[in-house]
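Work through these exercises with the model in view. Try each task before you read its solution.

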Amino acid sequence: MAASSAVTFSIPSTASLISKPSPLQHSNPYLVRFNSLNPLPTFTGLKAAASLSCYSDSSFLRKETTAALGRSFQTKAHPQILNSHSALQIQASYKVAVLGAAGGIGQPLSLLIKMSPLVSELHLYDVANVKGVAADLSHCNTPSKVLHFTGPDELANSLKGVNVVVIPAGVPRKPGMTRDDLFNINANIVKTLVEAVADNCPEAFIHIISNPVNSTVPIAAEVLKQKGVYDPKKLFGVSTLDVVRANTFVAQKKNLRLIDVDVPVVGGHAGITILPLLSKTKPSASFTDMEIEELTVRIQNAGTEVVEAKAGAGSATLSMAYAAARFVESSLRALDGDSDVYECSFVQSDLTDLPFFASRVKLGKNGVEALISSDLQGLTEYEQKALDALKPELKASIEKGIAFANKKPGTA
């Protein structure tokens, strides 16, 4: 490579400084162009000279990402680097563990997390078949080191020093199976894994994906309480997929640019407990009564739509992995000091009379910094009725999880 060169890498990463939106039907990976006076013999992470520009049509995090990692460049680069034509580098500083990494969600999720420039180590755990997943991902030339851990004997080591734990472990839904049918199987899995988290990385952010989230998050909370390490600000039920679906369906229905659309989704993460607040859509959009009904029902039943389309071959693994990776990236940005990170999540909450509730939250270095109550103000009549209707079912699911976590061994 010549001493003075311009090198372009096409990177499907969330690192960006300038967002260049495009029509909905077209989406490009990030294009990162480095104008360097020094040769770059290898590409291990993001390296650039003082001139760097990134263009993105889409990302896990929408337009918020475009400034966030740009600030990371400036704040983490040494002054001598900024004043020279040497390399700038995003520091990969965080360790993420995926528990259930060999599964249908775990594999694509691990790939997407591997792409993050903020991750230094990616710990992959499962009861079987994870060694091959780790070997495969380790060939990707992104900054994070990939380590694999197999079986209960290696679970503790997989969690040492971890900043974010993501739990997609469990069995998927099959045709005719409700989220409640999953309870007895997945509840035990989550309980065991969270016990290990409590023992080995109690300060970590915990992202619960395993369904039914309306029950598994309360189970996790009770386990952490029993271990004396419960921090409600750091326990999250990943309901991001409901937001991703709402944004997608609304953008399609109203012919909006997807990058601009944000629909808050509150309540829970199953059936009628999922409540998209279409009246709070940004940018502002008007909906007929029929459109509201159709969109709400489709968002609530979108998981079933995928299960039926796959005809017994799986559930919504890819879109769930995408949504979960977006939430991981938001958590990493918050840990990294970004003060403008908002996501919807199922968390301990005082916004309603229920102990857990999904809403928009502001994320910070210590987890949840604030619950966004304004989304629940000024609801339409349809939304208020739906909110009232979902509470009994959500309450029952929460109580079922709490009861399970507190039952004595050997009891039904």
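Buried means under 20% relative accessible area, exposed means over 50%, and partly exposed lies in between (1.4 Å probe, protein chains only). This is a predicted model: local features need pLDDT of at least 70, side-chain atom pairs count only at pLDDT 80 or more, and totals for chains, interfaces and linings use all residues. Residues are numbered from 1 along each chain as its sequence is written, and side-chain values use heavy atoms, with hydrogens and water left out.

**Exercise 1.** Classify Phe404 and Phe183: buried or exposed?

*Solution.* Step 1: take Phe404. Its relative accessibility is 7%, so Phe404 counts as buried. Step 2: take Phe183. Its value is 4%, so Phe183 is buried too.

**Exercise 2.** Find the aromatic pairs. How many does the structure hold?

*Solution.* Step 1: apply the rule. Rings of Phe, Tyr and Trp (its six-membered ring) pair if their centres lie within 6.5 Å; planes under 30 degrees apart are stacked, over 60 edge-to-face, and the rest tilted. Step 2: count. There are four aromatic pairs. Step 3: look at Phe183 and Phe404. Phe183 is in helix α6 (residues 183-200) and Phe404 in helix α12 (residues 381-406), so the pair ties together parts 221 residues apart in sequence. Helices (H or I, at least four residues) and strands (E, at least two) are DSSP runs, numbered from the N terminus.

**Exercise 3.** Which charged end sits over the ring of Phe183?

*Solution.* Step 1: know the test. NZ of Lys or CZ of Arg must be within 6 Å of the ring centre and within 35 degrees of the ring normal. Step 2: apply it. The charged end of Lys400 sits over Phe183, 4.6 Å from the ring centre. Step 3: find another case. Arg298 has its charged end over the ring of Phe249, 3.7 Å from the centre.

**Exercise 4.** Where is Ser359, and what does Ser359 contact?

*Solution.* Step 1: locate the residue. Ser359 belongs to strand β16 (residues 356-364). Step 3: list contacts (heavy atoms within 4.5 Å). Neighbours within four places in sequence aside, Ser359 touches Val265, Val266, Glu343, Cys344, Ser345, Leu351 and Leu371.
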